[in-house]
Amino acid sequence: MNAPDRFELFLLNEALGEKKITEKPFAGMSNTSDFIIMKEDHTIGNLLSEHFKQHLHVQMAAYKVAHPNVPEVLIRLQTDGTMTPKEVFVEVCKQLIAQLSTFSQNFTREFELRKMATEGDNEKSKEGGANGRP
């Protein structure tokens, strides 16, 4: 088959010196860079490009995946010049990490509360009938 081994789709080849993210300034437009993210797909491309579009200093953000068998995402990012594309990239990634951390904490708290409530309901049903009576 022509398909690559599955592990090649998500593990960086350190022997070849693969980097996760590389930046290439785009000569065709001012304040624009292309970021190539290796071993990723539409999930990260869409997430990042949509959050870039919400940033105050971003004029344009888009992504593309060249081919399903080539696990890399190209993100083109243009700013208004007050911040470089790389500064915006780093800032948005930090914001996303903070949001996901908050989400994880809230989810874990709610999950644990639900688990305690369910355990309490189970103990009540063991003590008595369905109405909580013996």
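Modeller: Helix α2 covers residues 85–127, and at 1.5 Å a residue its 43 residues should span 63 Å, which agrees with the 63 Å between its end C-alpha atoms. The expected span is 1.5 Å times one less than the number of residues in the helix. Helices (H or I, at least four residues) and strands (E, at least two) are DSSP runs numbered from the N terminus. The model is predicted, with local features requiring pLDDT of at least 70 and side-chain atom pairs pLDDT 80 or more, while totals for chains, interfaces and linings use all residues. Residues are numbered from 1 along each chain as its sequence is written, and side-chain values use heavy atoms, with hydrogens and water left out.

The buried residues of α2 include Pro 85, Val 88, Phe 89, Val 92 and Leu 96. Here, buried means under 20% relative accessible area, exposed means over 50%, and partly exposed lies in between (1.4 Å probe, protein chains only). Among the elements covering the buried residues of α2 are β1 (21–25), β2 (32–38), α1 (42–54), β3 (58–67) and β4 (70–79).

Val 88 and Phe 89 also belong to the largest nonpolar core, which has 15 residues; together with Leu 48, Phe 52, Ile 75 and Leu 77, they touch the most other members. The largest share of this core, four residues, is supplied by α2, and β2, α1, β3, β4 and α2 each provide at least two. A nonpolar core is a set of buried Ala, Val, Leu, Ile, Met, Phe, Trp, Tyr and Cys residues joined through side-chain atoms within 4.5 Å.

Leu 77 shows how these elements meet. Beyond its neighbours within four places in sequence, its contacts (heavy atoms within 4.5 Å) include Pro 85, Val 88 and Phe 89, and also Phe 35, Phe 52, Val 58 and Met 60.

The sheet under discussion is open, with four strands in the order β1-β2-β4-β3 and antiparallel pairing. Its edge strands, β1 and β3, each pair on one side only, and the twist averages 20° from one strand to the next. Against this sheet packs α2, which touches β1, β2, β3 and β4 and makes about 45° with the direction of β2. Axes are lines fitted to C-alpha atoms, for helices over the stretch in contact, and angles run from 0 to 180 degrees between N-to-C directions.

Strands of a sheet pair through backbone hydrogen bonds, either parallel or antiparallel. Two strands count as paired if DSSP finds at least two bridges between them. Strand β2 pairs with β1 in the antiparallel sense over five bridges and with β4, also antiparallel, over seven bridges. On the β4 side, Thr 32 has Gln 78 as its bridge partner, and Ser 33 has Leu 77. The hairpin formed by β1 and β2 has six residues between the strands, and Asn 31 in its turn has a positive phi of about 55°.

Seven of the seven residues of β2 are buried, so this strand is largely enclosed by the rest of the structure. Thr 32, Asp 34, Ile 36 and Met 38 point one way from β2, whereas Ser 33, Phe 35 and Ile 37 point the other way.

Charged pairs complete the picture. The whole structure holds six salt bridges, each a side-chain nitrogen of Lys or Arg within 4 Å of a carboxyl oxygen of Asp or Glu. One of them joins Arg 76 to Asp 34 at 2.6 Å, N to O. This pair links distant parts of the chain, Arg 76 in β4 and Asp 34 in β2, 42 residues apart. Arg 76 is partly exposed at 23% relative accessible area, whereas Asp 34 is buried at 9%. Another joins the side chains of Glu 110 and Arg 109 at 3.6 Å, N to O. Glu 110 has a relative accessible area of 44% and is therefore partly exposed; Arg 109, at 46%, also counts as partly exposed.
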